[in-house]
Each structure stands twice: as structure tokens, then as C-alpha cells.
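Dear colleague,

Please find below the structure that I am handing over to you, followed by an account of what was found in it.

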Amino acid sequence: MSLTALAWLFTAGVLLHNLEEALYLPAWSMQATRWYRPVPTPVFRFAAGALSLGFVAVTLAATFSAAGSVAAYLMAGYALAMLLNVLMPHVLATIALRRYMPATATAVLLNLPLGLLYLRQALAERLIDPQVFRWAGPLVVVGLLLALPALFALGRRVCRIGYGSTSAHGG
């Protein structure tokens, strides 16, 4: 399979994962306060939608970019972030709480194998350099982690205007 096809297949898996989270994670977060800060449904959906659109843009840019491009490292870094996301919080929370954390199935069945395949093939085809990826991959992960609170804050502002409320189960 071509790297481009694999990138889009991985992106489809991530979008399904984000959809599962958007549908079920806000309600789950209300009972899992030890593991996850409760987040209002419309706010979480705003953030998940923004991340999803951003990832589609990254995939599109990576599709048309040369080896070693910023887009190539953003795509690979996003794959690394999604691989880490399989373990923490999804698998660990499901085991610790003895209760399914939403999107664990899509994380394990889609993001894990497709993310690993994408990274392996990107390295094999020299789309990314392993030495650069050692620092660029974690940098993308940190960037995504820092983007979440900002997206939640922006989502709270947007939802207050668009929804008239930020209730936990609204929207």
C-alpha cells in the first residue's frame, strides 16, 4: 500500500476515533473524574472537531509535501500522539476503572495498527529522518497536549454564544 493511501486510511481511523469520543466521552467523563476532567458535551465536540479538521489539513499537506517537510513531521508526530493515546488514557483507564472508556476500541483496533504501519513505512521510505523525528515527534505530541486546554477554552466561548449554555449534557 502506498504511503499516501496509508496516511488517509490512518486519518479515517483517527476521525472514527474522534467521532466515538465526541459521542460518548463527555457523559463518561462525568463519572470518571479521577481519570478525566468533566467536559461539557458541546465544548468537547468543538475541540474534537477542530482537532479533526486540523488533522485532515495536516494529512492533505503531507500528501503533497516532500520528504523532510514540516508537514511530514506533523503527520508523523500526530501518529505518535495517537499511538500514545491508545495507552494513556484509553487502555489504562479502561483497565483501572474496569469500565470501558469511550473510543478504546477504535484506539486499539484502528489507531494502534494504522499508526504503527504509517510510522514504519514513513521511516522506511525516508519521508522522515529518525534523528529529526526523535525530537520533532515528541514536540508535536506536546503541542497537541497544549492545544487541548486552548481548544476547550475557545469551545466554552463559542458554545456560550452558539448554544446559550455550557451545560454538561447540552448540545
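**Overall architecture**

Read along the sequence, the chain follows the pattern α-α-α-α-α. It has five helices and zero strands, where helices (H or I, at least four residues) and strands (E, at least two) are DSSP runs numbered from the N terminus. Please note that this is a predicted model, in which local features need pLDDT of at least 70 and side-chain atom pairs count only at pLDDT 80 or more, while totals for chains, interfaces and linings use all residues. Residues are numbered from 1 along each chain as its sequence is written, and side-chain values use heavy atoms, with hydrogens and water left out.

Along its principal axes, the C-alpha trace of the chain spans about 45 × 35 × 25 Å. The radius of gyration of the chain is 16 Å, which agrees with the value near 16 Å for a compact globule of 171 residues; this radius is taken over C-alpha atoms, and the globule rule is 2.2 Å times the number of residues to the power 0.38.

Of the 171 residues in the chain, 44% are buried. Here buried means under 20% relative accessible area, exposed means over 50%, and partly exposed lies in between (1.4 Å probe, protein chains only). Among contacts between residues at least 6 apart in sequence, 74% join residues at least 24 apart, a contact being heavy atoms within 4.5 Å.

**Surface**

The chain exposes about 9100 Å², and carbon and sulfur atoms supply 70% of this area. Accessible areas come from the Shrake-Rupley method with a 1.4 Å probe, and for residues only the protein chains shown count as cover.

L16, L19, L23 and Y24 make a nonpolar surface patch of about 410 Å². Patches are made of residues with over 30% relative accessible area and no salt bridge; like charges are joined within 9 Å, and nonpolar side chains (Val, Leu, Ile, Met, Phe, Trp, Tyr) within 5 Å. A salt bridge is a side-chain nitrogen of Lys or Arg within 4 Å of a carboxyl oxygen of Asp or Glu.

With a relative accessible area of 1%, T11 counts as buried. Not counting residues up to four places away in sequence, T11 touches F55, V56, T59 and M75. The C-alpha atoms of T11 and P40 are separated by 25 Å, the two residues being 29 apart along the chain.

Helix α2 has 23 residues and reaches 32 Å from its first C-alpha to its last, close to the 33 Å expected at 1.5 Å a residue; the expected span is 1.5 Å times one less than the number of residues. Its buried residues include F44, L51, F55, V58, T59 and A62.

A62 lies in α2, which covers residues 41-63, and its relative accessibility of 14% is why it counts as buried. Leaving aside neighbours within four places in sequence, A62 is in contact with A71, A72 and M75. Between A62 and W135, 73 residues apart along the chain, the C-alpha separation is 19 Å.

A cis peptide bond joins M88 and P89, with omega about 20 degrees. P89 is placed in helix α3 (residues 70-97).

Two residues in the loop between α3 and α4 deserve a look. R98 is exposed, with a relative accessible area of 78%. A103 is found in the loop between α3 and α4 and has a phi near 85 degrees, again positive in a residue other than glycine. A103 has a relative accessible area of 0% and is therefore buried.

L110 lies in helix α4 and is partly exposed, at 24% relative accessible area. Apart from neighbours within four places in sequence, L110 is in contact with G13, L16, A105 and G115. The C-alpha atoms of L110 and L16 are separated by 8.7 Å, although the residues are 94 apart along the chain.
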